[in-house]
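Q: Could you take me through the aromatic rings here with some care, and then through the strands and the helix that go with them? I am new to this structure, so please name each residue as you come to it.

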Amino acid sequence: IQTYRVNGDPSILKDAELTIDLFERFFKDKNGEGYYSHIDPVLLSPDSPTLGPNRMRKNWNSVGDHAPAYLINLYLATEEKKYKDFLEYTADTITAHFPDYENSPFVNERFHDDWSHDLQWGWQQDRAVVGHNLKIAWNLMRINSICPKKSYEEFAEHIAEVMPKVGLDVQRGGWYDVMERRLHGNEEYYRFAWHDRKAWWQQEQAILAYEILYGIYGKEEYLKYARESAAFYNTYFLDHEDGAVYFNVLANGLPYLLGTERKKGSHSMSAYHSVELAYLAATYTNLLNTKKPLTLYFKPKVDGFKDSILRVQPDILPAGSVKISKVWIDEKEWHRFDAEKMTVELPALDYRPKIKVIIEPK
């Protein structure tokens, strides 16, 4: 979808529309709320015995990951109401079912069909993924900027307040991976599920969560956590010899290079989290926190963007916080844009123009 935002390729948009149609027809719970995590590939049903422990199950990925994975950028690219409504539905479902204030500082993220807690599933059992908690806070605040609700803000701020106490290494920096959700016996600290290593993608969630929370609320503690998280990531996860980032590091920051976790690409690691972090950290740091301009580049296809309007808002930011200051098309200044709506009227050309846009904070 980010590629679509740059080039307006109708074939990418068609793929997205067909994918969402698939979700709505086969994955959505028509009698309740949310989306199932799996469907039988032949019967296209979530209620097939062939799915085993995944039969009629819902989880964070099937319900909440729509927003960061593609839906926010699809809304930004099209501004279609149906995508905004989908985002609101996703956020409402999360705030309704994921909090577990009475039992744990962590959210619950695996559920049966009726939204009762599934505490026996596979590797997760009754465990928490630190990054998923932080990811919920960050994405609720993004959605809140177009669908403002007190419930979104309260849940996001609650997560931001409690996570450093249970998921952050306060001595060495960095965020842990999977933790037990509850204390047992006379325990005073929440235990690691398996180890105290730290994964690259969980650091991303912390950096972006506290960057956007600071940008919106201005609390110094949020800026502190954002900077400390970024410092740990920049110090220990970047591979300056071979490029890219490490999958895992030990608690002290040394790279963990055993098994599949020594690889830069695997079934669970690609460019996604690294690219997303680079892009959005630049967006939040510049526009919300240091009040500096951000430069974006586009190259639309001749048949791209059916309404000939290029929408350039880099992320769902607080209303009225940014505007377009200047636009160039093929290195010539272009004045047919709406600074407040952050849209650029595209010229009728028979080739792909190079477009440069400067967004600046107000």
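**Rings and their surroundings**

A: In this predicted model, Lys28 lies over the face of Tyr89, 4.6 Å from the centre of the ring.

Phe106 counts as buried, at 1% relative accessibility, whereas Tyr190 is partly exposed, with a relative accessible area of 22%.

The rings of Trp200 and Phe247 have centres 5.0 Å apart and planes at 55 degrees, so this pair is tilted. Trp200 is in helix H8 (residues 200–217) and Phe247 is in the loop between helix H9 (220–236) and strand E6 (248–249), so the pair ties together parts that are 47 residues apart in sequence. Trp200 counts as buried at 1% relative accessibility, and Phe247 counts as buried at 13%. Elsewhere, ring pairs link Trp60, Phe98, Phe111 and Trp115 into a cluster.

Turning to the strands, four of them form an open antiparallel sheet in the order E7-E13-E9-E10. Its edge strands are E7 (294–298) and E10 (332–333), each of which pairs on one side only. E7 and strand E13 (residues 355–361) run antiparallel and are joined by five bridges, with Leu294 standing opposite Ile359 in E13. Helix H10 (residues 272–290) packs on this sheet, where the helix touches E7, strand E9 (322–329) and E13, and its direction makes about 140 degrees with that of E7.

Another open sheet has three strands in the order E8-E12-E11, again with antiparallel pairing, and its edge strands, E8 (309–311) and E11 (337–338), each pair on one side only. E11 pairs with strand E12 (residues 343–345) in the antiparallel sense over two bridges, and Asp338 stands opposite Thr343 in E12.

Definitions and conventions: Residues are numbered from 1 along each chain as its sequence is written. This is a predicted model: local features need pLDDT of at least 70, side-chain atom pairs count only at pLDDT 80 or more; totals for chains, interfaces and linings use all residues. Side-chain values use heavy atoms; hydrogens and water are left out. Two strands pair if DSSP finds at least two bridges between them. Helices (H or I, at least four residues) and strands (E, at least two) are DSSP runs, numbered from the N terminus. Contact means heavy atoms within 4.5 Å. Axes are lines fitted to C-alpha atoms, for helices over the stretch in contact, and angles run from 0 to 180 degrees between N-to-C directions. Buried means under 20% relative accessible area, exposed over 50%, partly exposed in between (1.4 Å probe, protein chains only). Rings of Phe, Tyr and Trp (its six-membered ring) pair if their centres lie within 6.5 Å; planes under 30 degrees apart count as stacked, over 60 as edge-to-face and the rest as tilted. A charge sits over a ring if NZ of Lys or CZ of Arg is within 6 Å of the ring centre and within 35 degrees of the ring normal.
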